[in-house]
Amino acid sequence: MRAQTNLVALVLALVLVTGATVVGVAVADGALAGADRDPLDRHAATSVADRLIAADSPTTVRANALDVAAVEALNASRVEVLAPPAEGAALRITLDGESVVERGNPTGGVTVRRSVTVVSHLAPVRQAVNLSRGSTVRVPRGVGRATVAVDSGENTTIRTVRADGRVVLYDGAGLDTNATVHLSRYEPTTVRTGAGANASGRVVVTYRRSAAETHTLAVTVDV
Amino acid sequence: MSRGQLSLTVVEAVVGVVLVMGVAAGFTVVSTGPTPSTAELDTLAHDAATVLASEPTEGGRDARLAELARAEESFAATRPSARDRLADLLPADVLFRVRTPHGSFGHPQPPTATIGSTTVPTRYGPVTIRVWYG
């Protein structure tokens with residue numbers, strides 16, 4: 001009787017251990033399959049993409065917004081300066097499939113895709129206001145920076161220039177300047193000078209509107 | 001030996017199971033961390049949110065993302081342009097869904113897909129962008 005009990009226990013034990021082994025091997029296989037096989041390539045591609053579209057990169061105007069002139073001037077050595085992990089590697093950078101930088105043949109490399117906009121600047125717009133007739137200039141939405149040139153006439157002292165009520169230029173002795181001011185890009189801005197009723201002179205506001213196109217940036221690096 | 005006692009073989013087997021499972025658990029713990037596909041989806045969601053958060057809207061006073069979260073009316077007014085912008089921004093094989101305090105829009109989210117997501121706090125509430133391979 002006792003020998004038969006042992007037999008049942010043995011069968012049960014074998015089933016348990018076999019099942020556990022199968023499950024264990026399956027789990028380990030899944031973990032290995034999911035692991036990153038090309039850590040160096042991936043690291044290099046990620047860092048190239050990251051540095052290209054970072055807010056403080058020389059190729060961007062802000063985060064994820066590439067400057068069209070910088071993109072046209074981009075080449076492999078500039079990419080290396082930006083992202084040292086790509087040094088000496090075969091790399092390809094494309095915007096919506098169109099090649100921007102290509103060096104070597106990075107087949108077998110890792111591709112990283114990012115969503116970006118490419119910002120191109122349109123021709124500068126110059127708006128002048130004669131202070132004897134008016135004192136405000138309206139700057140449209142989407143302009144983050146404008147140059148304000150103040151040229152006050154005789155018997156006129158302009159001390160402040162305001163953008164939507166915020167003082168952007170001030171000189172207690174009277175402004176006679178050509179300065180760049182920062183504006184909000186999200187709404188139209190009114191640039192106003194604190195000129196009186198009988199003022200003379202000119203204020204010229206120069207700004208550039210920009211157009212942003214969306215693209216997919218793909219970086220492939222094979223170290 | 002009384003009959004109520006556990007057989008020694010079964011005890012040995014249980015010890016063996018614990019051992020094998022321990023080794024398997026070791027594999028999974030060592031190589032955890034997000035798989036590359038989730039990381040890429042998360043980055044794409046983050047990129048889309050960054051662009052939406054730095055773009056002015058027609059007629060609005062704020063960035064597109066903030067306009068979506070501000071009020072019912074601004075949400076309804078911004079939704080079509082935000083949807084077009086996202087469809088342009090993301091690669092063609094990536095679908096999205098956006099959740100704001102005033103409702104969601106985008107593609108219906110599949111229950112089993114690997115999802116990358118990012119949540120951006122705005123001063124009117126959080127906006128979540130989820131993306132997946134469609």
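**Figure 1. Overall build of chain A.** Chain A has four helices and 12 strands; helices (H or I, at least four residues) and strands (E, at least two) are DSSP runs, numbered from the N terminus. Its radius of gyration is 32 Å, well over the 17 Å that the globule rule gives for 223 residues, so chain A is more spread out than a compact globule. That radius is taken over C-alpha atoms, and the rule is 2.2 Å times the number of residues to the power 0.38. The C-alpha trace of chain A spans about 120 × 45 × 25 Å along its principal axes. Of the 223 residues in chain A, 30% are buried. A residue counts as buried if 20 or more other C-beta atoms lie within 10 Å of its own, as exposed if 12 or fewer do, and as partly exposed in between, with C-beta atoms placed from the backbone. This is a predicted model: local features need pLDDT of at least 70, side-chain atom pairs count only at pLDDT 80 or more, and totals for chains, interfaces and linings use all residues. Residues are numbered from 1 along each chain as its sequence is written, and chains are lettered from A and ligands numbered from 1 in the order in which they are written.

**Figure 2. The two domains of chain A.** Domain 1 covers 39–115 + 213–222, and domain 2 covers 121–211. The bounds come from an automatic or database domain assignment. Taken over C-alpha atoms, the centres of the two domains are 39 Å apart. Among contacts in chain A between residues at least 6 apart in sequence, 73% join residues at least 24 apart. Two residues are in contact if their C-beta atoms, placed from the backbone, lie within 7 Å.

**Figure 3. Surroundings of Ala65(A).** Ala65(A) lies in strand β2 (residues 65–67) of chain A. Ala65(A) is buried because 20 other C-beta atoms lie within 10 Å. Leaving aside neighbours within four places in sequence, its contacts include Val116(A), Val119(A) and Ala212(A), and also Ser54(B). His215(A) is 150 residues away in sequence, yet its C-alpha is 9.9 Å from that of Ala65(A).

**Figure 4. Contact between chains A and B.** Chain A contributes 36 residues and chain B 33 residues. On the chain A side, α1 (2–34), β5 (110–130) and β12 (201–222) each supply at least two residues. α1(A) gives the most, with 16 residues. The chain A side divides into 17 nonpolar, 11 polar and eight charged residues. Here Ala, Val, Leu, Ile, Met, Phe, Trp, Tyr, Cys and Pro count as nonpolar, Asp, Glu, Lys and Arg as charged, and the others, Gly among them, as polar.

**Figure 5. Overall build of chain B.** Along the sequence, chain B follows the pattern α-α-α-α-β-β-β-β. Its radius of gyration is 24 Å, whereas a compact globule of 134 residues would have one near 14 Å. The C-alpha trace of chain B spans about 85 × 30 × 25 Å along its principal axes. Buried residues make up 32% of its 134 residues.

**Figure 6. The sheet of chain B.** Four strands form an open sheet in the order β2-β1-β4-β3 (chain B), with antiparallel pairing. Strands pair if DSSP finds at least two bridges between them. The edge strands are β2 (103–106) and β3 (116–122) of chain B, each pairing on one side only. From one strand to the next, the twist averages 15°. Six bridges join β1 (residues 94–100) to the antiparallel β4 (residues 125–133) of chain B. Phe96(B) stands opposite Val131(B) in β4(B). Helix α4 (residues 72–89) of chain B lies across β1 and β2 of chain B, at about 30° to β2(B). Axes are lines fitted to C-alpha atoms, for helices over the stretch in contact, and angles run from 0 to 180 degrees between N-to-C directions.
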